[in-house]
Amino acid sequence: MKTKDIRALCINGTQVYYDYLDKNDKGLQRIPTRSITALPRAIFQVKIAGHLFDTEAIFFRFKTNNKKLNTSQVQVVSYDKNSKTLILRPEEAYLDWFEDLKATDLEIISDLKFLVERVRIWYEKNGGAILLPTKASPLKDTLSQIKFFEDMLPSTNQKKAIQTIFEAPLSYIWGAPGTGKTQGVLSYALLHYLKNGYKVAILGPTNNAIEQVLRGVISMTDRADIKRDKIIRLGTPSKAFADAYPQVCEARGIVKQLEDLDNQHKIIDKVLLFKSHEKLLEVLEEGNDIFEALHEVKEKLEALVIKERTFLVQLNGNKKKIARRQKQLQKITADIRTIDRRSSLLGPKVSQIFAKDLPKMKKEKEALQKEHRAIEDEIDDFAADNEFLTQDWNVALEAVKEQKSILSQKIGFIKEHFEKNNATSIVDDLLSGRAELVEAALQKIKTAYQANKIALGALAEAYEFVAIDDLQQQKKNILAEIKFLNEYSTEERLKNVSIVSATLDGYIGRYMEEKLNVDHIFVDEAGYANLVKVLTLFNHRVPITLLGDHMQLPPVCEIGDQTIARDATYHNAFIWAQSAIYSAGVFHKERLDLLQDYVKNAPLSLHKMQKADLNNTYRFGANLAAVLNEYVYKNGFQSALVDGKTSVYYLDAPKPATAKKKRQNEAEALAVQEFVQQLEEDNFVILTPYRNQLKLLGEYLPNARRNQQIITVHGSQGREWNTVILSLVDTYDKWFTDSENDLSKGLNLINTAVSRAKKQLIIVGDIRFWKRQKGQLLKGLVDIGQEF
């Protein structure tokens, strides 16, 4: 098909799928909240009443204001399926929505239709740019430079797979579980890219798939001394993954770094307090007379201040006397002038009557002049005295200033070492000068020092030679880093990482408006990925590598295969049911041919996609590998081990003549219950093809049901357990267990169940019936199995 036809098919097929979900009320969950707990750093722990099938499609409905927030507004830091616990980090703008929020006021809504609708929108916006990749890796000519660990040298098949990755624009690395896809092939390809400064993406259909592949990849990047913060896992991790690899997780990585910095901040504060008290004791031991000297300085200062004030009082007194005398002089001067004026009036022409007053006036003038001279002399004496007093006052003033400076230095010395070092409560006592208060304060310091030393333990020795100033700088740096991380966005992290990982749904939602800026895209568990989702990657013009096993279960699609095949309304929905492994055929076949390939479960056609087979298993023994090769792979699949790690056993549980419900077998449920009660293993799972049997098993084994250890085979994709118990249910009415039925894809289902087991597979069913079913994969398995 041409690009425009592919776009039209994907839009129509997605709309058809959405309409089916809407019409049949599928894919919608409304989950009540059991409790909400506020944690440090604006994080909230929310326990819910049910299990979420996908955290990419959840909304938070607040009954207090009847509004909804999505996961871009309330980030899901982690989700623990077992305890049904969400760790949430709301944006600052919505923090007040969570304040005093009651559990009954919050509802979690999970809507599969939202994810489906998002795919349709993506194709409407970007579907016109889909093309087969034509460029090989930029490192295709550097294969000889790939470095391998000496104790993990790849096999010939694995080397061929690595070569295919770098030489083919579109490649498919096929391998059953245990063939080394992740560590023997993918990880070496990633390491080569990273060491040459390139950026890659790892995508997968589910959270389980992404976390499973990342565990293997991280074990290899750790060995290669590549820091974990060079990898980012976008979206919501499981709690187990977030706890094990916090640096990798989008939100949890930041939260964990902040928690670590908070802890380090607290440690430095404790060490600072300890070293501060230690420094105080050193100061006190070096100068025990500091407080006596302080007291002496205070006494001397008080005496100097009194002397200074006495001089000042005398000086001011003299100044007042001078002022009074100057007023007197002014009056005398005025009186003399009056006499002079009157005398001038009594000249020669003046009557003899007034002549008798002239001697008297002269006498008065002489007396006033004499008094004037006396006052002037007195003023001169006061002025001279004031000059000496001013000199003495200035000397006293300087002495006071000097003594105040000494006092300030001594007080400052004490405050610098006590207030600065968290001993402010005892500074007043130390400065009081009272011996009993000083002694009590010193005892407090010694007691605090000993208590801190005990509390710090080994840390006291670890920081023995670190100066207080250096610790203060460390504290300053930590606070700056905390501020930076609080403002550090995912977009900033994406600029600095070398491996970007996400679910396909997470990728589609995040990169609706832009392209993923990487040099190679890898899709793990591609056999379980929806064709329509993986085709969104074909607009990047970079090499694409699919890794998986197309002989395992195809993607989950709520529309049954028979409905897709028989009802023309739903024909185009096959793009949701078909595996991404068949993506190359979309560009070379017409729509109806692609539909028939799906309906008839046609063999894989490669077209322009190059395939590399990893047909040596390092998990299954020779017998089990031979059965899988005969019934499933038929390509020389074999064991690389003499004795495999996975053993096959069976429990015979003949099917009752009648059953309460279709696709339900009580005899098997009883057998499984008895087996689990005797099982000394926590890492186990009970698988069954049918939901009715799932419910029945849950009734018999409620603890296993609560621990998510009873699931359908379809729900087990991308996960592994030490022990897998497979409840078959079927006999003559077989459907999902029928490996010869292309429509039910029973071969893929049973093969998937087998590959989930790392150590032992326990088949529970009517063994006598299955031993008679020639051509059936289950017959091959029970034939090599042992009765438990």
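Leucine 781 is found in helix H28 of this predicted model. Its relative accessible area is 0%, so leucine 781 is buried. Leaving aside neighbours within four places in sequence, leucine 781 is in contact with Leu624, Val627, Val648, Ile750, Val754 and Ile763. Tyrosine 631 stands 150 residues from leucine 781 in sequence, and the C-alpha atoms of the two are 10.0 Å apart in space.

Helix H28 itself spans residues 777-784 and is mostly covered, with six of its eight residues buried. Those buried residues are Leu777, Leu778, Lys779, Gly780, Leu781 and Val782.

**The chain as a whole**

The protein chain has 28 helices and 22 strands. It holds 788 residues, of which 52% count as buried. Among contacts between residues at least 6 apart in sequence, 76% join residues at least 24 apart.

**Two helix pairs**

Two packed helices are described by the angle between their axes and the distance between the axes.

The axes of helix H1 (residues 3-23) and helix H3 (residues 112-126) come within 9 Å and cross at roughly 160°. That angle makes H1 roughly antiparallel to H3, the cut-off for this term being over 145 degrees. The crossing in which H1 passes H3 is left-handed. On the H1 side, the residues that meet H3 are Arg7, Cys10, Ile11, Thr14, Gln15, Tyr17, Tyr18, Leu21 and Asp22. On the H3 side, they are Leu112, Lys113, Val116, Glu117, Val119, Arg120, Tyr123 and Glu124. Sorted by class, the contact of H1 with H3 has nine nonpolar, two polar and six charged residues.

An α-helix has 3.6 residues a turn, so residues three or four places apart point the same way.

Helix H4 (residues 156-167) and helix H5 (residues 181-195) pack with their axes 9 Å apart, at an angle of about 45°. H4 and H5 are therefore oblique to each other. H4 passes H5 in a crossing that is right-handed. The contact is made by Gln158, Ala161, Ile162, Ile165 and Phe166 of H4, together with Gly184, Val185, Tyr188, Ala189, His192 and Tyr193 of H5. By class, the contact of H4 with H5 has eight nonpolar and three polar residues, and no charged residues.

| Residue | Partner | Polar contact |
|---|---|---|
| asparagine 157 | asparagine 615 | 2.7 Å |
| threonine 490 | glutamate 250 | 2.9 Å |
| glutamine 73 | tyrosine 94 | 3.3 Å |

Asparagine 157 is found in helix H4. With a relative accessibility of 25%, asparagine 157 counts as partly exposed. Not counting residues up to four places away in sequence, asparagine 157 touches Asp613, Leu614, Asn615 and Asn616. One of these, Asn615, is also its partner in the polar contact of 2.7 Å between side chains. Another, asparagine 616, lies 459 residues from asparagine 157 along the chain, yet their C-alpha atoms are separated by 8.1 Å.

Threonine 490 lies in helix H15, which covers residues 490-496. Its relative accessible area is 13%, and threonine 490 is buried, since buried means under 20%. Beyond residues up to four places away in sequence, threonine 490 touches Gln75, Ile232, Leu234, Glu250 and Arg510. The side chain of glutamate 250 is joined to that of threonine 490 by a polar contact of 2.9 Å.

Glutamine 73 lies in a loop, between strand S4 (67-70) and strand S5 (74-80). With residues up to four places away in sequence not counted, glutamine 73 touches Lys68, Arg89, Pro90, Glu91 and Tyr94. Its side chain and that of tyrosine 94 are joined by a polar contact of 3.3 Å.

Note on methods
Residues are numbered from 1 along each chain as its sequence is written. This is a predicted model: local features need pLDDT of at least 70, side-chain atom pairs count only at pLDDT 80 or more; totals for chains, interfaces and linings use all residues. Side-chain values use heavy atoms; hydrogens and water are left out. Helices (H or I, at least four residues) and strands (E, at least two) are DSSP runs, numbered from the N terminus. A polar contact is a pair of N or O atoms within 3.5 Å; within protein, one must be able to donate a hydrogen and the other to accept it, and residues adjacent in sequence count only if both atoms are side-chain atoms. Contact means heavy atoms within 4.5 Å. Axes are lines fitted to C-alpha atoms, for helices over the stretch in contact, and angles run from 0 to 180 degrees between N-to-C directions. Angles under 35 degrees count as roughly parallel, over 145 as roughly antiparallel, 65 to 115 as roughly perpendicular and the rest as oblique. A crossing is left-handed if the near helix is turned anticlockwise from the far one by less than a right angle, and right-handed if clockwise. Ala, Val, Leu, Ile, Met, Phe, Trp, Tyr, Cys and Pro count as nonpolar, Asp, Glu, Lys and Arg as charged, and the others, Gly among them, as polar. Buried means under 20% relative accessible area, exposed over 50%, partly exposed in between (1.4 Å probe, protein chains only).
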